[in-house]
Amino acid sequence: MLCQNCGRNEATTHIKRIVNGEATELHLCTGCAAHLGYADMFSGFGFNISSILGSFFPETSLPAAGEEPLRCSTCGFTFDDIVRTGMMGCADCYDTFYDKLKPSLTRIHGRASHIGKVSTSADSLTERRDRIRDLTAQLQEAVRTQDFEHAAELRDEINALKGADHQ
């Protein structure tokens, strides 16, 4: 692939930017990348993933004397562990630390909710949660239009699905 800037040399630097969900790609040769300021983008970072990701998370406050920090009930990670390692301990960390993660996820990705593809082998819990979310939207619309009989049916179905989550 030729450089998109000069059109003469082979592109060796490939840059992909995603801004507000819009992806753009730029393919540059070494000379054009240096000229445009894209050469050695990671020099000085030491390329330490925790230092890069740690900058996205707010400073954590220390717990009061004698108070234990909040831990994920599944893996035992604290929010400080996530900031330090740049990784979640398990999938339940997202629920446990949602309030602390939401501002950072929004800042990094532009939104805090997943809107991408779902695995074809998604478990029934995920399917049930998606169904509850859809029914809740329908319930809000039924209440808005004052279709209270339909709203009651939707409420009962939502409660039945929520009850299945706790079994």
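His-27 belongs to strand β2. Is His-27 buried or exposed? Its relative accessibility is 10%, so His-27 counts as buried. One of its contacts is polar: the side chains of His-27 and His-14 meet at 2.6 Å.

## The hairpin around it

Strand β1 covers residues 13-19 and strand β2 covers residues 22-28, and the two pair in the antiparallel sense over seven bridges. Together β1 and β2 form a hairpin, with two residues between them. In the turn, Asn-20 has a positive phi of about 50°.

Which residue of β2 is the bridge partner of Thr-13? The partner is Leu-28. Thr-13 and His-27 are 14 residues apart along the chain, yet their C-alpha atoms are separated by 5.8 Å. Not counting residues up to four places away in sequence, Thr-13 touches Leu-26, His-27, Leu-28 and Ala-33.

## A pair of aromatic rings

Now for another part of the chain. How many aromatic pairs does the structure hold? There is one. The ring centres of Phe-79 and Phe-97 are 6.1 Å apart and the planes stand at 50°, so this pair is tilted. Phe-79 lies in helix α3 (residues 79-85), while Phe-97 is in the loop between α4 (92-96) and α5 (98-109), so the pair ties together parts that are 18 residues apart in sequence.

Phe-79 has a relative accessible area of 4%, and Phe-97 has a relative accessibility of 2%. Each value falls under the 20% limit for a buried residue.

## Two nonpolar cores

The largest nonpolar core has nine residues in all: Cys-72, Phe-79, Ile-82, Val-83, Cys-90, Cys-93, Phe-97, Leu-101 and Leu-105. Helices α3 and α5 each supply at least two residues of this core, and α3 gives the most, with three. Apart from this core lies another, of eight residues, among them Ile-132, Leu-139, Ile-158 and Leu-161. As general background, nonpolar side chains tend to be buried together in soluble globular proteins.

## Asp-81 in helix α3

Helix α3 has another residue worth a visit: Asp-81 is found there. Asp-81 is buried, with a relative accessible area of 16%. Where does the side chain of Asp-81 reach? It comes to the backbone nitrogen of Thr-78, at 2.9 Å. Leaving aside neighbours within four places in sequence, Asp-81 is in contact with Arg-71, Gly-76 and Gly-86.

## How confident is the model?

Finally, a word on confidence. The chain has a mean pLDDT of 77, and 71% of its residues reach 70 or more. Over residues 42-50, pLDDT stays under 50. For this stretch the model has nine contacts beyond four places in sequence. Where pLDDT is low, the predicted coordinates should not be read in detail.

Key
Residues numbered from 1 in each chain as written. Predicted model: local features only at pLDDT ≥ 70, side-chain atom pairs only at ≥ 80, totals over all residues. Heavy atoms only, no water. Pairing = 2+ DSSP bridges. Helix = DSSP H or I, 4+ residues; strand = E, 2+ residues; numbered from the N terminus. Contact = heavy atoms within 4.5 Å. Phe/Tyr/Trp six-rings, centres within 6.5 Å; stacked < 30°, edge-to-face > 60°. Buried < 20%, exposed > 50% of the residue type's maximum accessible area, 1.4 Å probe, protein only. Polar contact = N/O pair within 3.5 Å; in protein donor to acceptor, adjacent residues only side chain to side chain. Core = buried A, V, L, I, M, F, W, Y, C linked by side-chain atoms within 4.5 Å. pLDDT = per-residue confidence, 0-100.
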